[in-house]
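The following note sets out several points for discussion. Please read it alongside the sequence and the model.

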Amino acid sequence: MSSPNFSSSDKNRVLIFDTTLRDGEQCPGATMTFEEKLEVADFLDEMGVDIIEAGFPIASDGDFEAVTAIAKRIKNATVCGLSRAGAKDIDRAGEAVKHAKRPRIHTFISTSPVHMKYKLQKEPDAVLQMVIDQVTRARNLVADVEWSAEDATRTDHDFLCRTVEAAIKAGATTINLPDTVGYSTPDEYRAMFEMVRNRVPNADKAIFSVHCHNDLGMAVANTIAGLMGGARQIECTINGIGERAGNAALEEIVMAIKTRNDVFPFETGIETTMLNRASKLVSAATSFPVQYNKAIVGRNAFAHESGIHQDGMLKNNQTYEIMLPESVGVSKTSLVMGKHSGRNAFKDKLKGLGYDLGENQLEDAFVRFKALADRKKHIYDEDIEALVDENIATREDRVKVLNLLVVAGTNGPQSAVLTLDIDGQHHTRQSTGNGPVDATFNAIQAMIPHAAKLELYQVHAVTEGTDAQAEVSVRLAGEDGRLVTGRAADPDTMVASAKAYIVALNKLTAHRGVTGEGARLHAHHGAA
Ligand code: KIV
Ligand code: ZN
């Protein structure tokens with residue numbers, strides 16, 4: 001293997017390029033709201049991500065606005081916008097990232113025979129000219145230009161080398177060779193990087209990048225093989241979200257490098273103790289649950305259930321643990337809080353979970369914690385996180401859930417009697433529905449008529465046991481197409497559902513302003 005394209009001082013430092021907000025957000029059902037994207041971007045920056053791909057500015061006005069806002073606020077990372085080969089695409093990406101401290105345009109075109117013939121309907125020579133034109137145009141807007149050969153792993157090697165050489169000559173500073181369809185194997189992927197870097201005469205003028213999809217479950221293995229072949233930038237997403245089966249998971253790659261540094265002698269700038277929170281943040285923002293047995297960040301990743309394993313762990317944790325849970329931000333003990341815990345212990349717990357709340361927020365959260373502890377025997381870290389996250393989201397709300405009584409069971413119709421506080425006034429309604437959730441949502445609609453459409457309703461148990469808190473996510477689409485997500489947790493699934501719906505409605509009103517046409521939350525007066 002030839003040596004990588006780095007000076008000796010940093011030859012093993014690999015750049016982490018996170019595309020959660022672009023390739024991740026692109027997958028069906030993972031849409032994030034504007035505010036959620038900003039929150040995720042801030043977190044990635046704090047965690048030490050080197051490049052944040054913030055979106056695809058030409059795709060929609062929403063994407064453009066999000067990339068622009070992220071470019072303006074990010075302190076350390078390079079902020080990147082994606083574009084196809086067309087002039088309009090490139091200019092729009094340039095416009096969106098121009099305020100960033102470190103702006104990058106990432107421009108791509110397909111190079112494989114199947115993509116060129118059927119998707120682009122262009123001959124290879126025409127594509128080669130487009131590569132030169134797209135990189136040249138992007139380079140006139142920013143100094144940092146990444147060029148991707150889409151479907152590189154199914155591209156003819158001679159043609160791939162010609163396009164890479166032309167892209168570097170036109171000014172590309174990073175060359176990405178994606179396994180777009182997740183078809184490659186680790187040996188093949190590594191060999192492709194070695195081949196291109198050996199054959200392309202100006203290869204040392206660019207950083208090579210890996211970008212792997214997980215269709216055959218090999219995205220992380222391929223990513224690391226690409227590094228062994230000389231790549232020094234990794235494109236990945238939190239929780240591995242992305243098109244189809246997803247992208248390579250950031251947390252898995254980073255921890256594989258850290259844990260097996262004897263065989264993968266690389267370094268990243270990621271603060272690994274933030275990985276668990278990053279996973280939770282992205283899962284909450286996208287409403288994509290993380291599978292329980294997911295490596296590194298799954299709920300069971302550090303849980304030892306069988307007697308033999310527990311016995312081994314008690315004798316020495318190295319028997320069954322190859323990483324310390326604390327190294328990815330999972331606290332060892334998860335069952336320490338209860339109704340006898342005081343304010344200081346609660347504050348300390350929050351600090352350990354990474355929250356830094358102001359006095360008022362802390363007091364609110366503490367009151368809610370006590371109320372929960374009265375109803376629930378064991379309070380897990382996840383319960384506290386759910387409670388605080390909900391508290392942060394709802395402290396400014398105009399509408400609050402006061403009371404809910406639901407009649408459910410086999411002898412329908414199910415009904416709900418709901419009391420809301422709307423701008424300080426109490427309103428009560430009874431409604432029926434096709435199931436208790438429908439009845440509850442109908443009661444909300446009766447008191448607050450609105451045209452928002454329910455796009456997603458999702459429930460999951462925050463912890464184990466029949467007294468576990470239910471965490472409900474509700475996504476509403478406003479009349480203008482704007483998406484908002486409401487989340488709430490409660491041991492009662494119906495109460496969590498009503499609260500989550502109201503959180504989302506409050507957000508919709510806040511976005512539009514309270515005086516705009518059709519913007520008001522109209523309280524519909526009159527009792528049931
Ligand atoms: O998978 C892929 O090829 C991509 C490119 C746009 C880089 O996402
Ligand atoms: Zn991709």
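**Note on the predicted model**

1. What covers the buried residues of H9 includes strand E6 (174–179), helix H8 (186–199), E7, strand E8 (233–236) and helix H10 (250–259). Contact means heavy atoms within 4.5 Å; helices (H or I, at least four residues) and strands (E, at least two) are DSSP runs, numbered from the N terminus.

2. This is a predicted model, in which local features need pLDDT of at least 70, side-chain atom pairs count only at pLDDT 80 or more, and totals for chains, interfaces and linings use all residues. Residues are numbered from 1 along each chain as its sequence is written, chains are lettered from A and ligands numbered from 1 in the order in which they are written, and side-chain values use heavy atoms, with hydrogens and water left out.

3. Helix H9 (residues 219–228) has nine of its 10 residues buried, so it is largely enclosed by the rest of the structure. Buried means under 20% relative accessible area, exposed over 50%, and partly exposed in between (1.4 Å probe, protein chains only). Among the buried residues of H9 are Asn222, Thr223 and Met228. Just after H9, glycine 230 takes a positive phi of about 110 degrees.

4. The protein chain has 17 helices and 14 strands. With 528 residues, a compact globule would have a radius of gyration near 24 Å, and the 25 Å of the protein chain agrees; the radius is taken over C-alpha atoms, and the globule rule is 2.2 Å times the number of residues to the power 0.38. Buried residues make up 53% of the 528 residues.

5. Among contacts in the protein chain between residues at least 6 apart in sequence, 66% join residues at least 24 apart.
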